[in-house]
Amino acid sequence: ALERYVLRNPGDARGRLELARAYFHAGDDVGARREFETVLATDPPPAVRIGIGRYLDALKARELAYRPSVRGWVEAGGGYDSNVNAGVQQASIALPVLGSVTVADFGVEQSAGFGWLAGSVEINRPVAPGVAIYGSLAGNGQFNAHESDFDIVQGAALLGASWQRGQHTLYGTYAHGEMYVGGDRYRYSDGVAVEWRYAANELVTGSVTPQVARISFAGDNQQRGSDFYALSVAVRRAWRTAWQPVLNLSAMGGREENRYDLDFLSRDVYGAAADLTVSP
């Protein structure tokens, strides 16, 4: 019925929008995108453009299940750090038992301007119905003027696969990370994570993610090496009301176990987070 109406009234943007929504809910992604973009080309009011944008974002997410995609971003910036080396305020300090101590210049706070560069690229490729492989590269660095010994550069490479059946999706991911300080390798890690994601409906989703990683240090810090185990859970709830609120809740617990029997370098890690996003 909507198709017949739009054929007879091609200039009715509201009718074309309803047709686009009907295509979307019927699973006709090509038809939905065509009609939404046709309405966008007429320069509709801002509120309509925002609504169409949400549908187009949802179409992009849905199309990941059957269309290869490549996404990326680059960020650059700069600033000023009054204590770039996390040093003490003055060279002479008083310590219990040891008394007065003079800290070397390297450990006294130093200031510097800095530049910041970060970027990421992600690739997703479906290989069978409900099955996809994905990978990404990401990195960032802070480069300090006249204090290059405190430059920090870190990056990560990720490779994984997903399997979806009905309301259930499984992700398996391997990740390798590197961190350099002052141009020298400082820390590197290899980890594996498995995520189970359940979509109760289009408004409520939940996930459970166990993971394990081996963390290693270079040079004199080698004995800081550890194995890390963690479990995280998350829930997302959206509402179809004014301002379209979205609530995210998450919690995690983990254990970092030193591999060299240095118990004082082992630790338990716990965390929780909650956020509410609204779109006025």
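Predicted model: local features only at pLDDT ≥ 70, side-chain atom pairs only at ≥ 80, totals over all residues.
**View 1. Glu 37 in helix α3.**

**View 2. Span and buried residues of helix α3.** Helix α3 is made up of 12 residues, and the distance from its first C-alpha to its last is 16 Å, which is close to the 16 Å expected at 1.5 Å a residue. The buried residues in this helix are Asp 29, Gly 31, Ala 32, Arg 33, Glu 35, Phe 36 and Val 39, and what covers them includes helix α2 and helix α4, the latter formed by residues 46–63. An α-helix has 3.6 residues a turn, so residues three or four places apart point the same way.

**View 3. Packing of helix α2 against helix α3.** Helix α2 (residues 13–26) packs with helix α3 (residues 29–40) at an angle of about 155 degrees, and the two axes are 8 Å apart. The two helices are therefore roughly antiparallel to each other, and their crossing is left-handed. On the α2 side the contact is made by Ala 13, Arg 16, Leu 17, Leu 19, Ala 20, Arg 21, Tyr 23 and Phe 24, while α3 contributes Gly 31, Ala 32, Arg 34, Glu 35, Phe 36, Thr 38 and Val 39. Sorted by class, this contact of α2 with α3 comprises 9 nonpolar, 2 polar and 4 charged residues.

**View 4. Leu 64 in the loop between α4 and β1.** Leu 64 is placed in the loop that runs between helix α4 and strand β1 (69–81), and with a relative accessible area of 24% it is partly exposed. Apart from its neighbours within four places in sequence, Leu 64 is in contact with Ser 69, Arg 71, Asn 124 and Pro 126. Ala 104, by contrast, is 40 residues from Leu 64 in sequence and 55 Å from it in space, C-alpha to C-alpha.

**View 5. Ser 226 in strand β10.** Ser 226 lies in strand β10, which covers residues 226–238, and it counts as buried because its relative accessibility is 0%. Not counting residues up to four places away in sequence, Ser 226 touches Ala 213, Arg 214, Ile 215, Glu 256, Glu 257, Asn 258 and Arg 259.

Key:
Residues numbered from 1 in each chain as written. Heavy atoms only, no water. Axes fitted to C-alpha atoms, helices over the stretch in contact; angles between N-to-C directions. Helix = DSSP H or I, 4+ residues; strand = E, 2+ residues; numbered from the N terminus. Parallel < 35°, antiparallel > 145°, perpendicular 65-115°, else oblique. Left-handed = near helix turned anticlockwise from the far one by under 90°. Contact = heavy atoms within 4.5 Å. Nonpolar A, V, L, I, M, F, W, Y, C, P; charged D, E, K, R; others polar. Expected span 1.5 Å × (residues − 1). Buried < 20%, exposed > 50% of the residue type's maximum accessible area, 1.4 Å probe, protein only.
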